Amino acid sequence: MLSLLLLLPLASVIFLNLPIGKWVRGTALYFALILPIVQISLLLFGNIAPGAIAPFYEKTVKLGLLFDDTSALMLLIIGILVFCSVIVGNFLAESEYSKFKFMNLVILTLLAMNGTVLTSDLFSLYIFIEITAIASFILIAMNKDLFGFEGAFKYVVISTIATLLMLSGIAIVLMVTGESSFSAAKAALQSLDSCHVIKLAIVLFLVGLFLKSGMVPFHGWVPDAYVAAPPAVAILLAGCATKIGGLYSLLRVFDSVFTINFQIQSVLLAVGLISAIIGALGALAQNDMKRLLAYSSISQMGYILLGIGVGTPLGKAGALFHFFNHSILKGLLFTNSSAVENQTKTRDLEKLKGLGSRMPITAVTSVIGSLSTAGIPPLSGFWSKLIILIALWKAGFYTLVLFAALISLLTLSYFLSMQRQLFFGKDSVVWKDVKEADFSLVFPALLLASITVGVGVLFPYIVGSIILPFKGSIL
Amino acid sequence: MSEHFLLLPVFIPALVGLIVLLIPDRITKLKEILAIIVTIVNSVICWKLLQNSGEISFIAPWANFGLDFAFRLYNFNAFIIFAISCFFLLIAVYSFTFMVNKNCLNQFFAYFLFTLAMANGAVLSDNLAVMLFFWEGLLLTLFGMIIIGRREAFRTAIKAMIVSGVGDICLMLGIGLTYLQSNTLTISKISLPVDGLSGLAFLFLFLGAISKAGAMPFHSWIPDAAVDSPLPFMALLPGALEKLLGIYFLTRISLDMFKIETGSWASMLMMTVGAITIIFAVMMALIQKDYKRLLSYHAISQVGYMVLGIGTGIKVGIVGGLFHMLNNAIYKCCLFLTGGAVEHQTGTTDLKKLGGLISTMPITGGCFIIAACSISGVPPFNGFFSKELVYDGALKAGVVFYLAALIGSFFTSASFLKLGHAVFFGAKTEHTRETKEAPLPILIPIVVLSLACIVFGLFNHLAIDPIQNFIVSEKGELEKLSGWPHDFSLVVISLLFFAGAIANHFYGVRKTGMALKAADHIHHAPVLCEIYDQAERRFFDPYDIGIVVINVLSEALWVIDRGIDWVYEVFTVEITSVFSLSIRNLHRGNFSTYLLWSLIGGTFILMFLMKSI
């Protein structure tokens with residue numbers, strides 16, 4: 001049944017690009033809206049058991065699929081964020097044609113991300129990551145302006161380097177073990193003694209995936225790409241596209257193929273901590289709303305990497321939960337930023353002032369998102385950070401716990417100053433005609449904000465059943 | 001009788017108190033009438049409880065470590081709550097006229113009824129934690145009653161709250177230590193010696209009890225409250241209720257919960273506190289120039305006799321202390337009420353402005369004389385008999401304490417001669433020329449109380465016999481103490497001291513020519529003069545000393561706080577902004593720099609992972 005998640009988008013993309021008439025383009029929106037809804041409902045109500053999937057085309061095409069709690073959570077995130085991004089993109093598109101292009105590429109991205117998440121084969125993983133990346137380049141540059149090209153160019157170069165490194169790593173693994181599927185490669189690697197070439201493969205994978213996910217010091221492209229991307233694309237990119245390609249693949253590869261030893265753990269924790277600190281400090285000095293969010297994203301990914309780096313089941317669960325929260329919250333905050341940008345035509349925090357009474361829903365959802373990211377109880381961000389901190393503490397990394405808690409403070413401070421500047425303070429005369437954004441910009445914000453509040457308040461009930469269905473018992 | 005009957009004295013006043021709080025000011029007299037009805041009902045219930053022979057217990061378990069909502073009625077606390085109910089009834093009648101045209105009447109009567117409920121609860125409870133609950137409730141109503149209607153009373157209310165709060169903290173600590181030592185909170189099951197931690201527990205409980213009773217060093221709010229708070233409050237709380245509660249609890253801890261032997265350190269401590277309280281408070285009372293303030297110092301001083309009597313650990317002394325508690329409540333309440341009557345009729349309590357009231361306010365004056373004779377220990381009024389019993393006990397426990405009690409008695413007489421002379425005799429002043437006798441609701445409680453002074457004097461077996469019964473189980477069989485004092489020589493000595501006080505008074509009056517200045521030769525005596533000066537400047541007030549110490553402490557903490565603030569507000573912010581600005585400056589969008597970083601980072605990872613080769 002889950003192979004539908006690949007086949008349906010594939011069929012849609014093919015159908016939309018058939019040369020049978022211009023009317024086909026008009027249906028793109030419906031496909032783009034229905035596909036994520038189908039995906040979410042299938043995950044929530046489909047009652048699917050974990051394990052390997054045997055699709056009907058097994059005999060002809062060799063494409064191993066695997067479904068477990070990690071992929072379930074990722075599919076859920078992908079569904080929610082693609083849905084929100086499509087709503088925003090539909091509203092903000094300049095023409096019918098650009099709308100079609102956007103929908104077309106979004107469905108393609110959906111297909112690629114689903115593939116990344118579901119595959120159980122190193123080489124397929126690479127292919128799907130590449131599809132995601134190529135669709136993302138075009139999405140970033142879609143407006144055909146200078147900023148867009150610059151951002152897209154930086155992303156292309158970095159991404160190509162990253163995938164090249166990955167490909168070399170895969171080649172080494174193939175060379176040493178002769179296997180490319182996760183389980184077979186892992187079994188083969190375990191039987192080998194520590195092999196220098198494999199270590200090289202690990203380094204290649206690590207650096208490549210760090211580049212893809214934009215961890216410090218591989219993060220230079222992140223702010224530029226996010227700022228350059230059109231609002232709807234930024235939601236998709238920041239919310240899931242770069243994370244699925246980078247962090248998810250990292251989690252998957254180091255969970256299913258390589259084993260995390262002490263050295264790899266040190267690297268993961270060090271990079272995670274540095275990213276968390278530099279991202280937070282960088283965000284503190286930004287005046288551009290989107291750029292601030294981009295740095296915040298780097299900082300939060302540092303947290304997720306800390307959770308992965310602990311290596312314990314609790315740490316992994318915390319990392320996944322934070323992954324979920326982070327995607328939802330970044331989607332929410334980028335939606336808010338596009339609402340503000342759309343209504344005021346600027347993102348400069350020094351110019352914007354006192355919008356709270358003019359744009360109440362945006363203001364409230366944005367405050368919820370900020371507080372949740374900063375880890376204020378009872379919002380969902382608090383719980384995931386807490387789990388990561390507990391995992392770190394139990395594993396004996398007391399200094400890291402201290403640092404992580406302090407970075408939370410920094411997070412709170414840059415978000416609070418952003419909120420104060422944007423929504424509170426004196427009513428400015430300049431912005432007195434600003435009104436609440438259109439429903440299409442408010443609805444996704446409301447949806448995402450209610451998810452973070454709901455998950456936070458109902459944390460004990462939801463985590464075990466929906467967020468981490470097969471691992472919730474750890475918490 | 002059902003054990004649920006015990007809950008009525010707590011719940012009826014509390015519920016009616018809540019109702020009174022809701023009555024708006026427009027509806028006059030309803031609050032007063034409700035208060036009188038409730039106090040009557042309460043008195044009837046308490047009378048029924050007093051008639052009940054044997055014990056009644058009510059227990060509702062709350063927590064499994066011994067915290068039960070436990071009430072226990074036996075002859076002693078039945079006697080106490082009945083006495084309390086009578087005082088509340090009288091004050092309710094008194095307030096009917098006295099509180100007219102005052103602000104915030106609904107608050108006053110609500111607090112009044114809450115106080116009744118809390119007092120009944122505190123006396124009836126058989127569990128220390130439950131008792132503490134009611135005890136703290138009294139602290140709240142105390143604060144409320146001082147503060148209502150007057151903004152200036154705020155400082156006094158705070159002072160009362162803090163001073164009593166310190167006492168209550170001691171009580172809390174004592175209860176904690178008692179629980180630690182005896183593993184139970186049920187009062188009737190506790191039996192501890194006074195050494196080691198148990199001794200410390202006793203000390204804290206003792207401090208808690210005397211802080212409620214108003215002995216030194218927990219006294220200093222009472223004279224201030226006398227000036228600032230409504231008079232029925234003064235007559236009721238410091239005058240009667242707090243003495244009954246504090247001394248009741250002191251008796252419980254020193255007779256039931258702990259075994260105090262004559263001559264033990266605990267006994268010496270209690271007697272010392274008692275003796276010091278007697279002397280110092282009465283010396284202060286002597287020089288006061290305000291009716292209510294003078295009385296308030298006596299309210300402190302008289303506690304000394306009770307603590308001294310109970311502290312002797314001798315049967316005569318204990319019976320004397322308890323009897324004195326009852327007598328003091330009667331005559332002190334009566335004296336405060338006469339003060340209120342004078343204030344109500346003349347509009348002042350300043351002794352300089354008063355004089356010659358006996359002709360226009362004969363009933364008030366007569367009752368004042370009875371109560372004043374009673375407090376001075378003139379036979380055959382009630383104060384005489386209880387003081388003689390205390391003297392008897394004090395002499396057996398140590399001659400120093402006996403002397404302190406006698407000297408206290410001497411100054412008590414002197415100060416009341418001065419007060420009575422200045423207010424009711426002598427020439428009339430412009431304030432007193434046109435006065436009339438006080439209205440009936442004010443006179444009734446005064447007359448009833450002064451009659452009680454006579455009744456409990458002439459027929460003292462009415463009170464002494466039951467009191468002897470209370471402690472008989474603790475101290476074995478007693479000889480009969482009621483009737484006239486057995487030791488005739490003690491009576492002669494105290495009468496000699498009384499005669500000395502009269503002589504002293506007329507010496508002072510002749511020397512200065514004014515009743516008001518009758519005590520000036522003591523006030524301005526060589527050494528005393530200095531001490532008085534300091535005391536008037538509140539040099540000895542533990543509260544003010546504490547405030548000075550705390551001010552110094554808070555100044556020091558303020559400096560430290562600024563330092564911490566600087567770390568947070570300046571230092572951290574500066575450091576963070578230096579870092580974040582430099583990070584921002586590094587991200588100039590130069591792509592080759594970004595690639596360089598990535599290269600360096602990748603190389604580091606490679607070297608780190610490969611180093612183990």
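This note comments on selected features of a predicted model.

1. Residues are numbered from 1 along each chain as its sequence is written, and chains are lettered from A and ligands numbered from 1 in the order in which they are written. Because the model is predicted, local features need pLDDT of at least 70 and side-chain atom pairs count only at pLDDT 80 or more, while totals for chains, interfaces and linings use all residues.

2. Helix H6 of chain A covers residues 122-140; helices here are DSSP runs (H or I, at least four residues), numbered from the N terminus. From first C-alpha to last, H6(A) reaches 27 Å, close to the 27 Å expected at 1.5 Å a residue (1.5 Å times one less than the number of residues). Among the buried residues of H6(A) are Leu125(A), Phe128(A), Ile129(A) and Thr132(A); buried means that 20 or more other C-beta atoms lie within 10 Å of a residue's own, exposed means 12 or fewer, and partly exposed lies in between, with C-beta atoms placed from the backbone. The cover over these buried residues includes helices H5, H7, H8, H10 and H11 of chain A.

3. In chain B, the axes of H14 (residues 382-397) and H15 (residues 399-424) come within 6 Å and cross at roughly 150°. Axes are lines fitted to C-alpha atoms, for helices over the stretch in contact, and angles run from 0 to 180 degrees between N-to-C directions. H14(B) and H15(B) are therefore roughly antiparallel (an angle over 145 degrees). The contact of H14(B) with H15(B) has nine nonpolar, one polar and one charged residues; Ala, Val, Leu, Ile, Met, Phe, Trp, Tyr, Cys and Pro count as nonpolar, Asp, Glu, Lys and Arg as charged, and the others, Gly among them, as polar.

4. H13(B), residues 362-376, packs against H15(B) at about 170°, with the axes 9 Å apart. H13(B) and H15(B) are therefore also roughly antiparallel.

5. Between the chains, 22 residues of chain B are in contact with 21 residues of chain A, contact meaning C-beta atoms, placed from the backbone, within 7 Å. On the side of chain B that touches chain A, H22(B) gives the most, with twelve residues.

6. The peptide bond from Val216(A) to Pro217(A) is cis, with omega near 5°, and Pro217(A) is found in the loop between H9 and H10 of chain A. Lys345(A), which is not a glycine, has a positive phi near 65°; Lys345(A) is exposed, with 7 other C-beta atoms within 10 Å.

Definitions and conventions:
Helices (H or I, at least four residues) and strands (E, at least two) are DSSP runs, numbered from the N terminus. Two residues are in contact if their C-beta atoms, placed from the backbone, lie within 7 Å. Angles under 35 degrees count as roughly parallel, over 145 as roughly antiparallel, 65 to 115 as roughly perpendicular and the rest as oblique.
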